[in-house]
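The sequence and model come up next.

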Amino acid sequence: MRLLLVEDEKRMAQALCEILRLEKYEVDYCSDGLSGLEAAESDIYDIIILDVMLPGMNGYEIARRARQNGIRTPILMLTAKAGLDDKVTGLDSGADDYLTKPFMTKELLARLRALGRRKNNSIDGTLSYGDILLDTGTLTLSCVTNGQSVRLSEKEYRILEYMIANKGQILTREQLALKIWGFDSEAEYNNVEVYMSFTRKKLAFVEAKTEIKAARGIGYELRCGDV
């Protein structure tokens, strides 16, 4: 799962990035409001963690503009502003949740898990499409018709997670490269091809009828086949 952290306090940002990466999240970091809005509007993130007091543009305005421009990514606001009016302003601006500083790491992680489940419409920590089931905790792919299962690498898991979230759509190589490897990565499009091949082999291994179809010259689509 890829997160965007928009936080101008350097020590806080470094600590949060370290915690989140230890929890196996991919994290991109912005230290001001304008770059935070630009990153949020790329629409490649699963959750946005947004401070309120930022140089250039405050968190309320970032959330408001992102929502106006059609971004539906869950937003968790982190701020020292603990007043009721501040919370109402944050939620009315488009935030999905609001956590005041200082906070306990366990609570932050629990709220991120809740937002992740909400985004993926997952209650029990699994994602499904056609005859396949993804366990978000163990990164396991299973075929529901025969019980076969296999452990996925992190990249393979994120490819299938992204494709399930966008089922019925053709995802371009550019979209996949940004979503899986991020802006700062030097990954080339052949990385997408390689990991698509790995992921297809895992689907074949569990004998799933759900498959990844290539749209020549464009990208890939997840199809459930004749289940």
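Rings of Phe, Tyr and Trp (its six-membered ring) count as a pair if their centres lie within 6.5 Å; planes under 30 degrees apart are stacked, over 60 edge-to-face, and the rest tilted. With that rule, searching the whole structure gives 2 aromatic pairs.

This is a predicted model, where local features need pLDDT of at least 70, side-chain atom pairs count only at pLDDT 80 or more, and totals for chains, interfaces and linings use all residues. Residues are numbered from 1 along each chain as its sequence is written, and side-chain values use heavy atoms, leaving out hydrogens and water.

| Aromatic pair | Centre to centre | Between the planes | Type |
|---|---|---|---|
| Trp-181 and Tyr-195 | 5.7 Å | 65° | edge-to-face |
| Tyr-195 and Phe-198 | 5.3 Å | 80° | edge-to-face |

Helices here are DSSP runs (H or I, at least four residues), numbered from the N terminus. Tyr-195 and Phe-198 are about one helical turn apart, because 3 residues separate them in helix α8.

Together, Trp-181, Tyr-195 and Phe-198 make up one aromatic cluster. How buried or exposed is each member? Buried means under 20% relative accessible area, exposed over 50%, and partly exposed in between (1.4 Å probe, protein chains only). Trp-181 is buried at 15%, Tyr-195 is partly exposed at 24%, and Phe-198 is partly exposed at 35%.

Methods: Helix = DSSP H or I, 4+ residues; strand = E, 2+ residues; numbered from the N terminus.
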